[in-house]
Amino acid sequence: MDSIDKLLAQLQTEYKEVQPEQQQSKSATPKSFIPPPPKSASFIDNLLAEVQADFAKEDAVIELKKQQELEQERIRQEQLKAKQLEALKVQAKEWLAKVDPLSSEGLWFERFAESYSSKLEAAIEYLRSNE
């Protein structure tokens, strides 16, 4: 029985030594229950941030190209309108040279041109509306 008593006493001693350690670890666990993120997660986050930044840069470049294309198209349209206006001016000058001021059309045009700053401007508008 002595060996059993010794064994029992030894177990009790070990139990008393282990018990305070468990209580300390239990009380420490709730304080730091949330483990710090693993290093691989922060690497993935950094990688994702880089990919997002790359996409944002690409989007900005595409948007800039679109803006430039729209501006070029606007300029082209303005140039086209200017050419059409010049061609219309030539036609208007020719029409003004040919129209008989005493004809019904010439008399009508004189009245029509009164509301314009010049006869050329009136002739341009008249030809534009008859196209």
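1. Patches here are made of residues with over 30% relative accessible area and no salt bridge, with like charges joined within 9 Å and nonpolar side chains (Val, Leu, Ile, Met, Phe, Trp, Tyr) joined within 5 Å. Lys and Arg count as positive and Asp and Glu as negative, while His and the chain ends are not counted. The place of a charge is taken as NZ of Lys, CZ of Arg, CG of Asp or CD of Glu. On these terms, Glu-50, Asp-54, Glu-58, Asp-59 and Glu-63 form a negative surface patch.

2. The model is predicted: local features need pLDDT of at least 70, side-chain atom pairs count only at pLDDT 80 or more, and totals for chains, interfaces and linings use all residues. Residues are numbered from 1 along each chain as its sequence is written, and side-chain values use heavy atoms, with hydrogens and water left out.

3. Overall make-up. The protein chain has four helices and zero strands; helices (H or I, at least four residues) and strands (E, at least two) are DSSP runs, numbered from the N terminus. The order of elements from the N terminus is α-α-α-α. Helix α2 covers residues 39–98, helix α3 covers residues 104–113, and helix α4 covers residues 119–129.

4. Burial and surface. Of the 131 residues of the protein chain, 9% count as buried. Buried means under 20% relative accessible area, exposed means over 50%, and partly exposed lies in between (1.4 Å probe, protein chains only). The protein chain exposes about 11700 Å², of which carbon and sulfur atoms supply 58%. Accessible areas come from the Shrake-Rupley method with a 1.4 Å probe; for residues, only the protein chains shown count as cover.

5. Contacts along the chain. A contact means heavy atoms within 4.5 Å. Among contacts in the protein chain with a separation of 6 or more, 48% are between residues 24 or more positions apart.

6. Nonpolar patch. Phe-43, Ile-44, Leu-47, Leu-48, Val-51 and Phe-55 form a nonpolar patch on the surface, and together they have about 600 Å² of accessible area. Phe-43 is placed in helix α2. Phe-43 counts as exposed because its relative accessibility is 55%.

7. More on the negative patch. Glu-63, one of the residues of the negative surface patch, is placed in helix α2. Its relative accessibility is 41%, so Glu-63 counts as partly exposed.

8. Salt bridges. The structure holds six salt bridges. The criterion is a side-chain nitrogen of Lys or Arg within 4 Å of a carboxyl oxygen of Asp or Glu. In general, side chains of opposite charge can pair when their charged atoms come close.

9. The network at Arg-74. Glu-71, Arg-74 and Glu-78 are linked in a network of salt bridges. Arg-74 bridges to Glu-71, with the closest N and O atoms 2.4 Å apart. Glu-78 bridges to Arg-74, and there too the closest N and O atoms are 2.4 Å apart. Arg-74 and Glu-71 both lie in helix α2, three residues apart, or about one turn of the helix. Glu-78 and Arg-74 are separated by about one helical turn because they are four residues apart in helix α2. As for accessibility, Arg-74 is partly exposed at 38% relative accessibility, Glu-71 is partly exposed at 35%, and Glu-78 is partly exposed at 45%.

10. The Lys-89 pair. Lys-89 and Glu-86 meet through their side chains in a salt bridge of 3.7 Å, N to O. The two residues are three apart in helix α2, so about one helical turn separates Lys-89 and Glu-86. Lys-89 has a relative accessibility of 29% and counts as partly exposed; Glu-86, at 45%, is also partly exposed.

11. Glu-110 lies in helix α3 and is partly exposed, with a relative accessible area of 31%. Glu-110 and Ala-122 are 12 residues apart in sequence, and their C-alpha atoms are 9.3 Å apart in space. Lys-119 lies in helix α4 and is partly exposed, with a relative accessible area of 42%. Lys-119 and Phe-109 are 10 residues apart in sequence and 8.8 Å apart in space, C-alpha to C-alpha. Not counting residues up to four places away in sequence, Lys-119 touches Leu-96, Phe-109, Glu-110 and Ala-113.
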